[in-house]
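Here is my note on the model, written as numbered points. Please keep the structure open as you read.

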Amino acid sequence: MPIPHILIIEDDATLSDQVARLLEEKGFNTQQCLDGQKGLLSALQNSFDLILLDVLLPSLNGFSILNQIRRVKQTPIMMITACGAEQERIEGYRKGADDYLPKPFNFTEMMLRIEALLRRSQHPVERVTQSSQLQIGQLHLNRSKQQVFFADKSVELTPIQFRLLWVLLANQHEVMSKAFLYHSVLDRPFSRYDRSLDMHVSRVRKKLVEAGMSPERLLTMHGKGYQFT
Amino acid sequence: MKNTLFWRLCAFIAFGTVLLFWALSWLTNHTETSMSFIDADHQQQLLDYGKQAERILRYEGEASLASWLQDLQQKEDTWAAVVRSNITPFADSSLPNQYIERFQLGRSVEWKIHLYFEENPTMEIPFSDASSHLLIRLPQRMRPGAFLIYAKVFLQIALPLILLSILSFVLYQDVMTPLRRLENATNAFSEGKLDVRVSPYLSVRNDELTRLAATFDHMAERISKLIYNQRQLLADLSHELRTPLTRIDMAVDFVEQNINPKQALERLRSEASTMRNLVEDTLTLAWLNNESPRLNNDDFDLVELLDVICEDARFEYPDRRLTSVLPENVLITHSSQIALGQAIENIIRNALRHTPTESEVNVSFANCNNQYTLIVRDQGTGVPDEMLSDIFKPFFRVDKARSSDSRLAPTQNNHGFGLGLALAHRQIAAVGGTIKALNYYSEKGHRAGLQIIISIPH
């Protein structure tokens with residue numbers, strides 16, 4: 001996999017440096033822009049895998065940068081907002097941001113979301129070409145028919161639940177972060193108090209356990225995500 | 001009654017104006033009529049001329065009368081004549097007596113004069129024999145109504161002008177007095193006097209303007225409360241941030257002096273996380289306070305949500321028992337899973353924190369009176385009854401409220417209520433529900449713990 005290239009448009013030099021340094025430590029290439037106008041130019045001129053975009057910027061506001069980039073490019077964009085006000089978050093999505101990260105945040109949180117976004121944007125083809133059947137132990141999934149069987153017993157799942165189980169199974173033994181699952185299954189960014197993913201997992205687990213599966217196979221990794229073993 | 005001001009204005013302007021013009025018209029007619037009569041002295045003068053003429057005719061003869069008439073005409077600058085009237089019907093016709101009695105050659109002196117005729121009328125003064133008459137064109141000096149033009153100007157222009165001006169002034173005062181009060185109040189409010197209200201000054205009225213005043217008062221009440229709460233929140237927040245900030249400074253010193261740096265770094269991370277949560281919760285609280293949003297976009301299963309929250313809470317507090325008695329599923333519509341989830345999570349976490357280890361927190365559910373009721377009971381120390389509603393205020397502390405030199409013996413788990421319950425209160429309000437806290441008591445009457453009762457509409 002090529003080294004992902006990340007553009008950071010953030011006017012706080014200290015924060016920008018810290019983020020860049022930590023990202024480089026994790027093996028990413030980064031480029032920093034402290035000013036909105038310049039940030040927009042480099043976003044349009046170069047090709048990036050991800051753009052971290054602050055909302056409050058000198059010379060050009062984050063939302064207008066987002067708008068102008070979106071007219072020509074579909075580069076994943078993560079907005080960084082300082083206000084935390086719901087209104088601003090909502091505005092961010094409407095204009096096509098892929099995720100938002102409210103300040104204050106910590107690096108772990110940021111990393112999880114960056115990985116989720118990159119993973120989603122780099123593997124869209126793979127998801128289509130994947131086989132339409134999955135068989136793990138007694139569990140059998142048929143994607144074209146949206147059917148799930150456990151030990152030949154049919155398990156009724158909603159399309160979202162099916163997609164969730166599919167992603168977990170396709171990445172068996174791997175902890176799937178909540179941020180990634182939100183993006184790939186629910187098609188929306190993760191926020192701290194959103195419980196819908198947990199509720200879907202709980203429902204899927206309940207149905208599978210009713211069909212006879214051991215509850216330990218669909219694990220909750222507290223503070224990390226979910227894992228199918 | 002609705003639109004009182006409208007009806008009052010209607011009464012004043014419509015009825016008042018119609019009444020005014022009717023009165024003016026009547027007054028004008030009346031004045032004109034009363035001014036049309038010949039002055040009493042002049043009437044007498046004319047009658048005297050008649051008597052004089054009759055006397056001269058009787059005692060001095062026609063020649064004298066002729067010269068007298070000549071003099072009279074000159075004196076009064078008019079014409080005068082004496083005539084004999086003798087109506088003789090012919091061609092075998094006859095006149096009723098009534099007509100003959102009333103027949104006149106000119107106007108009687110008591111009759112009113114038509115002032116709209118330029119020319120003066122001819123007056124008739126009958127002699128006592130009733131067949132001879134003195135006819136005289138009314139002398140100009142005796143013509144009545146010399147002041148009619150002034151009377152008309154006064155009645156038709158000046159008087160309505162004055163009366164309508166007075167009416168306007170009265171109406172203006174009636175409307176402007178409360179508006180001026182409102183203006184003064186608005187000025188005072190914008191200068192920072194947040195306790196100014198208008199309604200008490202308008203207690204005698206009850207109309208659209210009092211409604212406006214009430215609306216202003218309502219707005220002033222809400223804004224002043226918001227500002228007060230905001231100030232309080234800001235003060236509390238900066239106070240609450242002091243502790244983690246101090247700990248962070250200390251931890252940095254620890255790292256610098258290489259005293260147990262690993263633990264100090266962990267401390268740094270956890271204090272930063274405390275501050276992060278505090279700031280985020282404060283922003284959410286401010287948002288809920290300022291906008292009072294109605295969150296109603298989600299439909300979900302409450303039991304599923306509770307299961308997920310309880311599972312997390314059990315993981316977080318493995319040394320306390322969290323039990324729940326819940327039905328199979330409870331569908332909630334037009335609500336918000338995030339708001340309700342965060343609220344319940346905070347309440348359960350708060351209950352667990354105030355419950356000693358090995359003790360129990362119980363979550364139970366009931367469906368009655370058209371609403372779902374969720375009860376979270378802890379086995380903590382409860383809260384003094386008089387403070388049961390205060391615990392929903394941001395950063396409220398029971399110990400702080402009890403004594404000013406607080407935290408004399410702080411317990412390990414007593415973090416106060418922080419923002420959790422304050423947030424929960426507003427989040428549950430945002431989904432249309434209510435929340436209250438009650439102590440519950442053991443059989444011996446001891447306070448056995450606190451129960452938080454959440455009601456959610458169907």
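1. Ground rules. Residues are numbered from 1 along each chain as its sequence is written, and chains are lettered from A and ligands numbered from 1 in the order in which they are written. This is a predicted model, in which local features need pLDDT of at least 70, side-chain atom pairs count only at pLDDT 80 or more, and totals for chains, interfaces and linings use all residues.

2. Chain A overall. Chain A has nine helices and twelve strands. Helices (H or I, at least four residues) and strands (E, at least two) are DSSP runs, numbered from the N terminus. Of the 229 residues in chain A, 34% are buried. A residue is buried if 20 or more other C-beta atoms lie within 10 Å of its own, exposed if 12 or fewer, and partly exposed in between; C-beta atoms are placed from the backbone. Take the contacts in chain A with a separation of 6 or more: 55% of them join residues 24 or more positions apart. Two residues are in contact if their C-beta atoms, placed from the backbone, lie within 7 Å.

3. A sheet in chain A. Three strands form an open sheet in the order 10-12-11, with antiparallel pairing. Strands 10 (176-177) and 11 (218-221) of chain A are at the edges with a single partner strand each, so one side of each has no neighbour in the sheet. Strands pair if DSSP finds at least two bridges between them. Strand 11 of chain A is joined to strand 12 (residues 225-228) of chain A by four bridges. Leu218(A) has Phe228(A) as its bridge partner.

4. Strands in chain B. Strand 1 (residues 80-84) of chain B runs antiparallel to strand 3 and is joined to it by five bridges. Here Ala81(B) stands opposite Leu135(B). Strand 2 (residues 122-126) of chain B also pairs with strand 3 in the antiparallel sense, over five bridges. There Met123(B) faces Ile136(B).

5. Positive phi values. Most residues other than glycine have a negative phi. Ala130(B) has a positive phi near 70°, in the hairpin of strands 2 and 3 of chain B, with five residues between the strands. His173(A) has a positive phi near 70°. His173(A) lies in the loop between helix 7 (159-170) and strand 10 of chain A, and counts as exposed because it has 7 C-beta neighbours inside 10 Å. Phe395(B) has a positive phi of about 60°. Phe395(B) sits in the loop between strand 8 (371-377) and helix 10 (398-402) of chain B, and its 19 C-beta neighbours inside 10 Å make it partly exposed.

6. A helix pair in chain B. The axes of helix 6 (residues 208-256) and helix 7 (residues 261-291) of chain B come within 8 Å and cross at roughly 170°. Axes are lines fitted to C-alpha atoms, for helices over the stretch in contact, and angles run from 0 to 180 degrees between N-to-C directions. The two helices of chain B are therefore roughly antiparallel (angles over 145 degrees; under 35 is roughly parallel, 65 to 115 roughly perpendicular, the rest oblique).

7. Between the chains. On chain B, 18 residues are in contact with 16 residues of chain A. Helix 8 of chain B gives the largest share of its side, seven residues.
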